Amino acid sequence: MSSLQQALESGKFGVTAEMAPPKGYDFSKQMEDAEILKGLVHGVNVTDMQSACLKATSLGLCIKLKQAGLEPILQMTGRDRSRMAIMGEFLTAAAFGIDTMLALTGDHTVVGDCKESKPVFDLDSCGILRMLTEMEETNKDCGGNDLEGEAPKFYKGASVTPVYEPLVLQINKLRKKVECGAKYVQTQGIFDIDSLKRFMDEVDKANIKVHVMAGIIPLKTAGMARYMNASVPGIDVPEWMMERLSAAAAEGKEKGVKGLPAKAGIEMAAEMIQKIKEEKICDGIHLMTIGAEKNIPVILEKAGVSISE
Amino acid sequence: MIITQKKPIEELMAMLEGVTKVGIVGCASCATSCKTGGQPEMEEMKAYLEAHGKEVVAMAIPDESCQKLLVKKEVKVFRNTGVEAIVSMACGDGAQTVAVNVDVPVYPSNNTMFLGQAERVGVFNEACRMCGDCVVGQTAGICPITQCAKSLVNGPCGGQKNGKCEVNPENDCAWIKIYNRLVELGQEDKLLETRPDKGYAAYSYPRKISLKEEKK
């Protein structure tokens, strides 16, 4: 059984990390990070050409991680693959023991770095989930043909954007994702506990049964926060966080010490995780460290989160 | 209507290299509205070609350049003119309809862009991607296949910022528009309807529809 599934279904606080394959074929940085993450997370979500920028495939790094003894989560968007290609990826993934997935519609190719690539969008996130659910239930492929042997089973997840206006549209889409087979969702990066609480209230009110993992993005600088506020949909970093990062930068300059803003970012992320866990706001967290996976042990330690609890 | 845009004239002139006697076929329908193939544009084309060493032997403007029988009648003006090539100033369909009715090469002066609505004179919006399975009854008369850059049928992605699309910030998020309109119509419940994933088995082209065969 998927280790994330095991954790969430037994009421444990779920912890996942995120990793991006390289723009190339040297996976050594990812494998070094994997060693650091061993035993600290229930799964490592491997992005599928995030922001529509070309990378090695999610499946490739998932296989590498699995072979290194981690629990990879195969992320799959509908942007670059038809339903046949998507199903083929999952059959291949299952052959390597990969049993957890996350479905996304995917960023459009025109916002990425290979703009002339054809946006496929044969299936959206709901469609990918539904196709896998039907495969499991019927033992048939996407054309209705019998599979050889038993269909593989995946613990299925999706994403959701809690800071969204009108929120009813996200709640409605979330309901559809769950109807299509999602058992857990990871949220867009959360920077304000109250907005997460409001979102969880809406999920409860809508009577949607799904495990929610709050997305946590440790901030590195005030500039990064401002950039994300201006250009990343669903991100809303509050002013006080940017002030704390700026103050850390000023302090570092004065004392001639490097890395203080990143340290402040780590502390703020840890405080948030601690609060989410203590107040039982949702079922777990998903850490999006954007290349700084080496910081995950210290974040979890400061937050007092351990998967061996 | 079918929205067309003029090709760069150099592209057309390259196609016409070595040709002296040219015919022109416009279209009194869509291309006239798009100002790419109506009478005035045909006159402009004639003047341009003649100023560049061509001889325009005859011109025709069928009511619709996509009507095979109509075009067949109209292209009779090129008989015995020694025409070496014909410039079609219609859409891609029009150019092909002319091509099946003549025995000289046909060169298009336009690019065919999309099926759209005329917002006002000279301003056209893409409105329908001709998906063959109209959903606007569930989406408050707003087509998500066309208005959403990802053609999402189950609701929005997370990619809108202040109601604008991540793909082109000049465009409103189709699903927010659909939601607002459904609220106005008192039809929010339609948001809950799930649709089967669109299949493509029936869309292998070229397709053909015959009312005669449908009746059988």
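In the predicted model, chain A has a radius of gyration of 19 Å, which agrees with the value near 19 Å that a compact globule of 309 residues would have. Taken along the principal axes, the C-alpha atoms of chain A fill a box of roughly 65 × 45 × 45 Å, and the secondary structure of this chain consists of 11 helices and 8 strands.

Two of the helices of chain A, α10 (residues 260–278) and α11 (residues 296–303), have axes that come within 8 Å and cross at roughly 45 degrees. Because angles from 65 to 115 degrees count as roughly perpendicular and those under 35 degrees as roughly parallel, α10(A) and α11(A) are therefore oblique to each other, and the crossing in which α10(A) passes α11(A) is right-handed. On the side of α10(A), the contact is made by A:Ile266, A:Glu267, A:Ala269, A:Ala270, A:Ile273 and A:Gln274, which meet A:Val298, A:Ile299, A:Lys302 and A:Ala303 of α11(A). Sorted by class, this contact of α10(A) with α11(A) comprises 7 nonpolar, 1 polar and 2 charged residues.

For chain B, the domain assignment gives domain 1, covering 2–113, and domain 2, covering 129–197; the C-alpha centres of these two domains of chain B lie 38 Å apart. The contact between the chains takes 22 residues from chain A and 21 residues from chain B. By class, the side of chain B that touches chain A contributes 10 nonpolar residues, together with 7 polar and 4 charged residues.

Technical notes. Residues numbered from 1 in each chain as written. Chains lettered and ligands numbered in written order. Predicted model: local features only at pLDDT ≥ 70, side-chain atom pairs only at ≥ 80, totals over all residues. Contact = placed C-beta atoms within 7 Å. Nonpolar A, V, L, I, M, F, W, Y, C, P; charged D, E, K, R; others polar. Domains from an automatic or database assignment. Axes fitted to C-alpha atoms, helices over the stretch in contact; angles between N-to-C directions. Helix = DSSP H or I, 4+ residues; strand = E, 2+ residues; numbered from the N terminus. Parallel < 35°, antiparallel > 145°, perpendicular 65-115°, else oblique. Left-handed = near helix turned anticlockwise from the far one by under 90°. Rg over C-alpha atoms; globule rule 2.2 N^0.38 Å.
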